[in-house]
Structure formats: structure tokens, C-alpha cells
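Dear colleague,

Please find below the structure that I am handing over to you. My notes on it follow directly after.

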Amino acid sequence: MENRPTNLKRLVVLLVLAVVVAGSIAGKNAWQTKQEARIRSMGITELEALAKKQPASNVLYALGLAYAQEGKYTLAIKQFLAVLDKEPTRADVLNDLGVSYLLESRYYESLVALQGALQIKPNFGAAYANMGRLHIATKMPFTAVKELEKADSLEPKKVTTLCDLGQAYQRTLNYKLALTAYQRALEIDKQSLQAYIGTGQAYYAMTQYDKAEEHLKQALAISPTDSNALLALGRVQLERAVTPTDLANTQATLEKAVRADQDEPESWYMLGRLRSRQGRHKEALEMQKRALRMGAGHTGALYQLERCLRAVGQNTEADRVAKIHEKRKLHDRKELQLEEQISHNNDDWDSRVELAKLYIESGKHSLAVLLCKRIQEEKPDHPQLPQLLQLLNTPATSPVPSTLLTGNKP
């Protein structure tokens, strides 16, 4: 009985200490939150100065994100790697590192970084979505579908994930599922430019041209100079054009698309198709050449180039282009078949080797490097690996001889 007051006193003291400690932690957390918000609000110049004085992980990470937002991916990568030197198990940093590598077309490094993020955080929806984007970029849409479906199951209301999933479905020719993904995105965000463009493209692929044009015009109402929306609308208009007035309207749309992005080969290809429809074959010829100078693997531009050459009486050159086009078509078909096989059997290394060879032959060096490095890392004893590496290190030649692509720029 006489111990009771002493015990009670001790309990009161402990409770007071607990309150003090809790208050101290809450104050510290509030201060940290305020500091993080202050750092995130800084511009690049301020962050660079702070990083020199105080190279803490949060400062370096904020600087990396700021560089990435400005499109300075090489500098962003340097900062993310510096953070990982201090904190190697940061899944968020590995994810952002993977995106920066992807945007620099450093596909293998992107793959390694994103795989690292998912090993640390297995249900990281953003990393699955970025893995899907990587596989869209590397022409592996069946694999991309699986990863983006996983990302969607983890974070079902992400508009960007749904739009990229729609794009992956389109690449696998599954237009109905693509349309469903885009429509889900529009239910969440009725101002999503990407979703309107994707919906229009899906309807175009399904030959529902009225609906395609309606959604693409809605996209242009949001962003009147968006090159992708203008290009997609021009494609629909060209498909439907009958009269000279129709062709003139299509021309206006496609010329806007070219002005919006002069480095997009698809815009020059479509404008070249329009010129062919108008009987302006010499102009069309130069536009198809320009499209191929920008993207030598453009199968449609090869086909149109052959037709233009025949239209202007250059039949010998047309015959050469026809052979290249036929080979390119076979490559594209085989690449898609192999990628589908790999997506069903991740251990099908023979298919990976064959796909890498096709990439090397068609001048897709970055894609070939990605596959070769994966084979080196995961199947180093494959009997064809030495030959594959030798092919990879052989100077690449363009799939379309430069002599066929010379001429005045349009």
C-alpha cells in the first residue's frame, strides 16, 4: 500500500515524458515537412547553390527532378545516382532514374533501374507503368500490355497509365480494349488531351470515322496546335476526302501538323500521301524522302516512295525500293511474332536472339543493344551470343541507301 503513491508518481512522470517526446516528434515532423516544401519550391539555380553547400539526399533528389522537368536528363541522372550512393534502396529514386534513362533512349539502363525499383517495392504501380512505357518504346507491346495492366490494377485511376495501356493495346491491334482504356481515362479526366487523341485513333482504326473526327476535334479544342492531334485528324480527313475541297481542308490540317513538329517523320509521310492524291508527285517524292531521312524504318514511307518513283518514271530506283520495302514488311511481321512469343515465355532465349538479329539488320541499334545486354546478363552461355555480339559491333548500315534519299528538301 505504501508503494502506491510512488508508483503513481512514476506513472505520471512517464506520461509527461511521453507527451513531451510526442510533441517534440510532431514539431520535428512539421519542421521537416515545411523544409521539404521549401526545397521543392526552389528553382534550379537555388537548388544548385544549396546542393554545393548542403549535398543532402533530399536536396540532390529535388535538383534531379528539377533537371528532369527541364528536359536535362543527363544532369538529372547524375543527381539521382548521387542520391542512390547515399541511399541505395530508394525505390522512388530508382523509378525516376529509369524514366530519365528511358527519355535518353538508354533502354538497358532504364530496364535495370526499373527492375531495381520493383525488387525493393514489388507493388510499385508507377514503376510497373514506366516498365510498360519502356517496352512500348522498345517495340514490345505484348509485354507492355502485361505491365500496364498490372500498374492499372495497383493504381486504377491513373489517367496516364490508362492512356499508355490504350496505346499498348493499339500496338497489339486490340482496338476494342484500347477504346475501353481511353474511355475510362476520359471518365476520370474529361480534359485529358492524350485520352481524346487515343480515342480518336482507336475509332479510326475501327473505321468509325465520324466518331474519330469528333474526338480529335475535341482534343484540338483543348490544344489547338498539338501536333499529334493535328496529324491524327489529317489522317482521318485524308481517308474520307473525295472532292478537291476535302483535300484542301486535309492539306491545311497536315501543314499545321508539320509546322507544329517539323521533326516528325509521320507528318511528312502523310503530307506526301496527300500530294500524291493531288497528282503532285515530285513534291510527294521529296516529302517521302524527308520522312525516311528522319526515320529510315518507316515502312509506309518506303511503300509511298516506290509509288512516287514510278509516277515520275524512275522505275529502276522504284524496283530497288520495292525490294527494301518487302524485306522491311517481313521484318516488322516477324518482330511482332517474336515479341508475342517472348511475352508468353520469358525464358525463350532463342527468340530473343533472333529478334536481336532482326533489330541489327534493320538498323535499330538501341533495341539490339538492349536485347544483347539482357542475354549477356541472364543467358551468358547461349551458343549464338558471340556471333550476336560480333554483329552488334559491326558498323551499322542504313536499311535505305542514302543515294535513294538525296534530293531537295521540301
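Of the 410 residues in the chain, 44% are buried, where buried means a relative accessible area under 20%, exposed means over 50%, and partly exposed lies in between (1.4 Å probe, protein chains only). This is a predicted model, in which local features need pLDDT of at least 70 and side-chain atom pairs count only at pLDDT 80 or more, while totals for chains, interfaces and linings use all residues. Residues are numbered from 1 along each chain as its sequence is written, and side-chain values use heavy atoms, with hydrogens and water left out.

The chain contains 21 helices and 0 strands; these are DSSP runs numbered from the N terminus, helices being H or I with at least four residues and strands E with at least two. Among contacts (heavy atoms within 4.5 Å) with a separation of 6 or more, 50% join residues 24 or more positions apart.

Two loop residues deserve a separate note. Ser105, in the loop between α5 (91–103) and α6 (107–120), has a positive phi near 60 degrees although it is not a glycine. Ser105 is partly exposed, at a relative accessible area of 35%.

Thr207 lies in the loop between α11 (193–205) and α12 (209–222). The phi of Thr207, also a residue other than glycine, is positive and near 60 degrees. With a relative accessible area of 53%, Thr207 is exposed.

With kind regards
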